[in-house]
Amino acid sequence: MTQLDPQHASAGVEPSTSDAARLDHGIHELSALLRALDESAANSGRGGREMTPHENQLVQVRLGIASSLFMALRCKHAATASHSLRVALGCSAWTLAMEIPDYLRDQIEVAALLHDVGKIGVPDHILLKPGTLSPDEALLMDQHRQMGLQILGCCCAPEELLDIVTYAPAWFDGSRGSFDRSGKELPLGARILAIVDAFDSMTTDHVYRRAKSRDRALAELFECAGTQFDPELVQIFCELHARQNINLQSDVSQRWLESLVPDLANQNWQLQSPEQSPAAALPHPLFQQKLLDNMHDGVAFVDTQGKIFLWNTGAERLTGISGEAAFHKLWMPEMLEMRNEKGRIVRTEECPVAQALQTGMQTFGRFRILSRDGKELPIDVQVIPVTGRDGTKYGVTVLLHDASNETSLEEKCENLHSQATKDPMTQVANRAEFDRVHPLFIKAHVESGLPASLIICDIDHFKQVNDNWGHPAGDDAIKTFAKLLQSYAKHGDLVARYGGEEFVMLCADCNNASAASRAETIRRALMEIPQAQMNGRHITASFGVTENQPGDTPATMLRRADRALLE
């Protein structure tokens with residue numbers, strides 16, 4: 001859906017009405033959200049990112065009273081919630097371009113926002129598993145669709161909306177699954193959702209798979225047209241993707257940020273009795289209790305006085321505190337021995353529950369508590385105020401999510417990335433990272449018409465340093481030089497160890513004269529730094545500087561700088 005691509009979203013449009021400034025602001029808000037969603041794709045396994053005000057506004061206005069379902073999904077797995085929101089925005093733009101009636105667009109958008117809500121009930125060890133699922137795990141994962149239908153069936157009024165979620169996984173040719181419809185008999189919304197859902201999944205980074213390029217994802221949609229997807233809709237989708245319609249962006253912005261009214265969104269939602277709800281076979285209170293008790297995350301309900309009146313089995317499992325022991329107790333951070341990420345004990349006034357009760361605003365944070373086995377456990381705490389339609393405050397819902405997997409995964413990923421891109425001795429970029437970034441650096445500056453320069457530098461007579469003072473002194477000299485280069489790097493620059501005592505610096509938006517002046521400043525500064533392991537003696541370095549030229553390649557630019565260094 002190129003019309004929703006962040007790199008085009010900021011281009012704007014000139015409305016013909018007197019509300020131009022307000023519309024431009026709406027487009028800017030939507031663009032900022034989409035950029036945040038694209039960036040969050042790189043963190044698709046992380047659950048600790050706070051919900052942006054724009055995301056919060058979009059979801060609350062679109063879902064009304066049912067936004068708590070989306071918030072529960074986000075607290076369970078933020079990447080799935082962000083995916084759902086991107087899919088909903090994509091469906092919104094596509095259905096607008098197809099001039100689908102508003103009532104059907106409403107149903108498709110809401111179905112897209114909540115099509116994965118059943119993942120709330122999937123155990124974390126399956127939802128967060130980085131590798132291939134076993135057959136038993138895949139079976140449990142597939143059950144999330146039925147769980148989602150049961151959840152929606154208890155609160156969602158339109159049967160057509162439920163049909164969209166029901167049939168979205170169905171293959172167009174009927175070859176997969178036990179669905180009673182295929183082809184054009186499948187709801188239009190389900191066929192649209194299936195394509196946008198697959199496209200977003202393919203173009204998003206996952207823990208278990210890197211994102212495909214947009215062109216490759218479109219090619220795969222074509223390959224599956226007629227079997228998994230409606231071939232006519234695939235053709236329309238790909239044509240729309242290539243059109244890059246800026247006017248469409250403004251219309252989507254108006255719809256999501258201006259036109260929607262929470263009261264209208266709430267019309268889709270009402271509690272259903274067992275007779276009314278086709279997806280629910282149990283009385284609502286029992287279903288709710290079963291859902292809460294089978295959630296892996298902890299859930300607590302706290303009234304306006306701060307007293308706990310619900311404490312599910314997930315909370316028992318995380319904290320070791322039984323529901324009976326917690327019932328009617330005042331919520332206090334001391335009961336969980338809550339600490340912030342720096343290890344400091346959380347005071348009552350700093351507790352997210354107390355803050356939410358006082359301000360009426362949602363709060364979110366990562367803390368550490370004492371688990372049932374007496375060890376510190378990182379948890380994400382999300383507190384959601386509960387307010388009636390008449391404004392009456394009833395208390396807050398507290399969601400406790402075990403963040404140990406996320407923390408461990410984040411640390412592992414950061415360590416792997418550091419090992420792959422940084423020189424272990426100096427902690428600047430390594431040769432491989434420089435070779436990867438250099439062509440991208442040249443391309444970006446050529447496209448923008450801005451100058452870019454390359455500085456290559458080499459410590460003088462380095463062999464004599466090692467021979468006369470030993471390799472530890474040589475290592476110390478290399479670290480000193482790397483630290484100095486890094487201190488003179490500006491935003492957008494890259495400092496890398498090219499090999500041995502040789503370094504390179506890519507200087508963004510910098511012409512040859514400015515780069516040469518910077519190199520001279522660094523050269524003089526290095527001469528003034530005493531080397532401790534050389535009895536206070538100094539080292540010097542030589543520099544070669546060049547600016548990118550028309551037709552340059554990384555190799556030609558590097559050779560030119562290297563010749564300047566040798567001179």
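The legends below describe close-up views of a predicted model. Local features are given at pLDDT of at least 70 and side-chain atom pairs at pLDDT 80 or more, while totals for chains, interfaces and linings use all residues. Residues are numbered from 1 along each chain as its sequence is written, and side-chain values use heavy atoms, with hydrogens and water left out.

**View 1. The aromatic pair F199 and F237.** Rings of Phe, Tyr and Trp (its six-membered ring) are taken as paired if their centres lie within 6.5 Å, and planes under 30 degrees apart are called stacked, over 60 edge-to-face and the rest tilted; by this rule the count comes to eight aromatic pairs. The ring centres of F199 and F237 are 5.2 Å apart and the planes stand at 70 degrees, so this pair is edge-to-face. The pair links distant parts of the chain, with F199 in helix α10 (residues 188-202) and F237 in helix α12 (residues 231-243), 38 residues apart; helices (H or I, at least four residues) and strands (E, at least two) are DSSP runs, numbered from the N terminus. Both F199 and F237 are buried, where buried means under 20% relative accessible area, exposed over 50% and partly exposed in between (1.4 Å probe, protein chains only). Ring pairs also join W94 with F199 and F237 into a cluster.

**View 2. The tilted pair W311 and W331.** The two rings lie 6.1 Å apart, centre to centre, with 50 degrees between the planes. W311 belongs to strand β2 (residues 308-311) and W331 to the loop between α17 (323-326) and α18 (333-336), so the pair ties together parts that are 20 residues apart in sequence. Both W311 and W331 are buried.

**View 3. Arginine side chains over aromatic rings.** A charge is said to sit over a ring if NZ of Lys or CZ of Arg is within 6 Å of the ring centre and within 35 degrees of the ring normal. The charged end of R176 sits over the ring of W171, 4.4 Å from its centre, and R74 lies over the face of F364, at 5.2 Å from the ring centre.

**View 4. The lining of the largest cavity.** The largest cavity has a lining that includes Y167, F172, L186, R191, Q228, F229 and D230. Its largest share, four residues, comes from α10. By the grouping of Ala, Val, Leu, Ile, Met, Phe, Trp, Tyr, Cys and Pro as nonpolar, Asp, Glu, Lys and Arg as charged, and the others, Gly among them, as polar, the lining divides into nine nonpolar, one polar and two charged residues.

**View 5. Strand β5 and its partners.** Eight of the 10 residues of β5 (residues 393-402) are buried, so this strand is largely enclosed by the rest of the structure. Two strands are taken as paired if DSSP finds at least two bridges between them. Strand β1 (residues 298-302) pairs with β5 in the antiparallel sense over five bridges, and A300 stands opposite V398 in β5. Strand β4 (residues 376-387) also runs antiparallel to β5, joined by nine bridges, and D380 has H401 in β5 as its bridge partner. β4 and β5 form a hairpin with five residues between them, and G391 in the turn has a positive phi of about 90 degrees.

**View 6. Strands β6 and β9.** Strand β6 (residues 453-459) and β9 pair in the antiparallel sense over seven bridges, with I459 opposite A541 in β9. Strand β9 (residues 541-547) is mostly covered, five of its seven residues being buried.

Methods. On a 1 Å grid over the protein atoms alone, a cavity is a set of points where a 1.4 Å probe fits but cannot get out, and a pocket is an open set with protein on both sides within 12 Å along at least five of seven lines; lining residues have an atom within 4 Å of a point.
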